[in-house]
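Thanks for making the time this morning.

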Amino acid sequence: MIRSLWAKRGENTSSSNGSSAGLLHRDRHHHDGMQSQKHLVKLILLLAALAAAVLYLAKPPPIERALMLAYSPSQIRESRLKPANAELKLPVRAAFVILVRNSELHELRATVRQLEDQFNSRHRYPYVFLNNEPFTDEFKQAMEWATSGDCHFGLIPYEHWSMPPWVDRVRAKWAMAMMGSQVPYGDSESYRKMCRQVQYESGFFFQHPLLDDFDYYWRVEPGVEFSCLIPYDPFKFMADNNKVYGFTISLREFPVTVRTLWKTTNAFRAAYPEYAVPNNTLQWLTTPNGGYNMCHFWSNFEIASLSFFRSPQYMAYFDFLDRAGGFFLERWGDAPVHSLAVAMFLNKSQVHYFDIGYYHNPFQNCPTDPQFNAENCFCNPNRSMIFNDDSCTNAWLDL
């Protein structure tokens, strides 16, 4: 009887334990279900936020598009011609091209005064000023007073200054955030402006209507210095000697900004074998194992034939890179893009090293001839970039 009572108690205990276990299992299942629903809701909200971000970034803000339509003709394009230049016959159809903001007026004024004193006051080549916003009357008047050549002011079309629709906006924003302090202009606001500027300098500046009447251009940036007298005409030198591209400083790029540029360039070369030039200069910027050694011409100073940038091979190369999105996803610069194009499409005889006194923070080129430097320069030749370990100019001259 005691045994049967214990048996009944065991049955009751077993039943009770089974019932408790079942309730515990149902509670855990209910809890897991609620957690899954919470995760699902978070995922849906995240996807909705991403979709909203993409839709917002996929088109320019309405106010910017409206302003582009509201600008007057003189804000879009204006030429201020000097009566003294009416009968001027220049030996080359050439111009200085300057991408500049209104806020950089005084930095540019100092640069232009030096350029005039060292060279252009004796030649009176025209200037083309480009901006993604209309130039102010103050800016136009100051440049007209500071220069000897005619002045042309142009507004950059919005479609040439905006992120292309095929670029992943979310990835681009993420890239801006991740770039951080790794490289100059890495913070997001400066990065955004720099990306649009280098994309414009890489593939659009030469398409501006104000440049239609010119064959050569000399790029100038606000704040640079011309530290020596330029006793000859670089434009005429280029034309007379069949030169296509001229530089004064070369150096190495930050690898983090061009992670896939070489890979993408090789993909272009494979896709367009008809543009290959047998005696090109790709060896100047490749490593022994076929990689990219980061060498490039510093494009803030370049004198070049506009027909080179307008050529089918260059346009095909830029379009290929633009479609890859690296100008916004990695911050590909116009300097390595121009340099890779020069190395692919030109031979060494078409490229010239200008030993001109030039300073762009933090590097300079300073002529090393003692007599010329003493008579015509205010720069220190011992600080010239050509003596820097990161310079690629000596390697270029040794080709």
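This is a predicted model: local features need pLDDT of at least 70, side-chain atom pairs count only at pLDDT 80 or more; totals for chains, interfaces and linings use all residues.

Glu78 pairs with Arg80 through their side chains, at an N to O distance of 3.2 Å, and Arg80 counts as buried because its relative accessibility is 16%, where the cut-off is under 20%. Glu78 also forms a salt bridge with Lys140, and here the closest N and O atoms are 2.6 Å apart. Since Lys140 sits in helix H5, residues 137-146, while Glu78 belongs to strand E1, residues 77-80, this pair ties together parts that are 62 residues apart in sequence. Lys140, for its part, has a relative accessibility of 4% and so counts as buried. Taken together, Glu78, Arg80, Lys140 and Glu144 are linked in a network of salt bridges.

Elsewhere in the chain, another salt bridge joins the side chains of Arg219 and Glu221, with 2.7 Å from N to O, and both Arg219 and Glu221 are buried.

Let me return to H5, the helix that carries Lys140. Which residues of H5 are buried? They are Phe139, Lys140, Ala142, Met143 and Ala146, and, because they fall within an arc of 165° when one looks down the axis of H5, they line one face of the helix. On the face turned away from that buried side we find the exposed residues Asp137, Glu138 and Trp145. As for what covers the buried residues of H5, the list includes helix H3 (73-76), strand E1, helix H4 (105-118), strand E3 (127-131) and strand E4 (151-155).

My last topic is a helix pair, and I would remind you that two packed helices are described by the angle between their axes and the distance between the axes. For helix H12, residues 312-324, and helix H14, residues 334-345, the axes come within 11 Å and cross at roughly 135°, and H12 and H14 are therefore oblique to each other. The crossing in which H12 passes H14 is right-handed. On the H12 side the contact is made by Gln313, Tyr314, Tyr317 and Leu321, and on the H14 side by Val337, His338, Leu340, Ala341, Met344 and Phe345.

Methods. Residues are numbered from 1 along each chain as its sequence is written. Side-chain values use heavy atoms; hydrogens and water are left out. A salt bridge is a side-chain nitrogen of Lys or Arg within 4 Å of a carboxyl oxygen of Asp or Glu. Buried means under 20% relative accessible area, exposed over 50%, partly exposed in between (1.4 Å probe, protein chains only). Helices (H or I, at least four residues) and strands (E, at least two) are DSSP runs, numbered from the N terminus. The arc is that of the directions from the helix axis to the C-beta atoms. Contact means heavy atoms within 4.5 Å. Axes are lines fitted to C-alpha atoms, for helices over the stretch in contact, and angles run from 0 to 180 degrees between N-to-C directions. Angles under 35 degrees count as roughly parallel, over 145 as roughly antiparallel, 65 to 115 as roughly perpendicular and the rest as oblique. A crossing is left-handed if the near helix is turned anticlockwise from the far one by less than a right angle, and right-handed if clockwise.
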